[in-house]
Amino acid sequence: MPTDADWMRSAAALAARGRPLSRPNPAVGAVLVRENRVVGRGFTRAGGRPHAEAEALAMAGDATRGATLYVTLEPCAHVSPRGPACADLVVAARPARVVVGCTDPDPRTAGQGIARLRDAGIAVDLIDCPAARASLAGYLRRTREGRPEVTLKLATSLDGRIALPSGESRWITGDAARAHAHAERARADAILVGGGTLRIDAPRLDVRLPGLAERSPLRWVLTRGTAPDGWSAVSDITAPGAFDDAQYLFVEGGAQAAAHFLAVDMVDRLLLYRAPILIGDGLAAIGDIGLDRLDAAHGRWQLVSHRALGNDTLEIYERSR
């Protein structure tokens, strides 16, 4: 039979559908289960409303009574002009039990949602679910550290080059790898390149996958100058408010922009696409990151996924902190 962890992973997978259009709210997933059958489900909709719990409760209706609600984030406890507190909605709907995947660090909730449910006589279990936390990585990073979750994408040859000496770089990887990268773009609030990449390559940085064009992220350029129309300039990535309310930032190039984020330890996730080609004396994928001892490079990255994409390979690493 499915366990609490199984149902929570299902809720976390559902939450992915709300990202990134749910901003500034987190993308939350909720599943209502009664007698091992799903009677309601929901995820945070575009613009942050309705919340996942509200959608799941509305779908389940009277079947909510006696059911178990699995929700990736603690139900909110604060009333907003845009809608009621989810904790109050859950209390009114009277499920038998609520299973929460992650407490909410927002001080307006921060344990108060769980307390409100328990005070109403509803059993609440907080479980340790890595999938739930991973689905909320950007929101948790933004709330706790004031910055987005940063993914760095590198597309290289086997010898770590991103272009010929002339600068020619289209295309190192094949169609499948590029499609995967576009799907990753669609999961980000904003995408950033360095000023040199913008001047030389004039990238569009949109999402060119059927049905996902509306999920093209905001476009930012790392520069001390001004940004062209349709772009925003970022001059200091460590400055408070440098990335507005973005929860997920996708850094796509070039070598100096990548080095800048790595040097200040602001890369949380690394996507390494590698094509089965050798370039030799080409342009390096990453510039100087200030490393002065080789032993300081070890133990920083953990491989979490490895797969083939056509003739290319993709390795996904997470920063060990």
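Q: Where does Pro50 lie?
A: In this predicted model, Pro50 sits in the loop between strand S2 (37-43) and H2. The peptide bond from Arg49 to Pro50 is cis, with omega near -5°.

Q: Why is Glu53 called buried?
A: Buried means under 20% relative accessible area. Glu53 has 4% relative accessibility, so Glu53 counts as buried.

Q: What surrounds Glu53, leaving out residues up to four places away in sequence?
A: Glu53 is part of helix H2 (residues 52-60). Its contacts are Ala30, Leu69, Val71, Leu73, Glu74, Pro75, Cys76 and Cys86. In an unreviewed entry, UniProt lists Glu53 under "active site".

Q: Which residues does the annotation "domain: CMP/dCMP-type deaminase" cover?
A: Residues 2-125, according to an unreviewed UniProt entry. The span is 30% helix and 19% strand, and its end C-alpha atoms lie 16 Å apart.

Q: Why is Glu35 called exposed?
A: Exposed means over 50% relative accessible area. Glu35 has 74%, so Glu35 is exposed. This residue is in the loop between S1 and S2.

Q: Why does Arg269 count as buried?
A: The cut-off is under 20% relative accessible area. Arg269 has 15% relative accessibility, so Arg269 counts as buried. Arg269 is in strand S12 (residues 269-274). Not counting residues up to four places away in sequence, Arg269 touches Val150, Thr151, Leu152, Glu184, Ile316 and Tyr317.

Q: Why is Ile289 called partly exposed?
A: Partly exposed lies between the limits for buried, under 20%, and exposed, over 50%. Ile289 has a relative accessible area of 35%, so Ile289 is partly exposed. Ile289 is in the loop between strand S13 (283-284) and strand S14 (301-309).

Q: Which residues form a nonpolar surface patch with Ile289?
A: Ile286 and Leu291. Together with Ile289 they have about 220 Å² of accessible area.

Note on methods: Residues numbered from 1 in each chain as written. Predicted model: local features only at pLDDT ≥ 70, side-chain atom pairs only at ≥ 80, totals over all residues. Heavy atoms only, no water. UniProt positions renumbered as here; feature names shortened; annotations may be inferred. Helix = DSSP H or I, 4+ residues; strand = E, 2+ residues; numbered from the N terminus. Buried < 20%, exposed > 50% of the residue type's maximum accessible area, 1.4 Å probe, protein only. Contact = heavy atoms within 4.5 Å. Patch = residues over 30% accessible without salt bridge, like charges linked within 9 Å, V, L, I, M, F, W, Y side chains within 5 Å. Areas by Shrake-Rupley, 256 points an atom, 1.4 Å probe, with all protein chains shown as cover. Salt bridge = Lys/Arg side-chain N within 4 Å of Asp/Glu carboxyl O.
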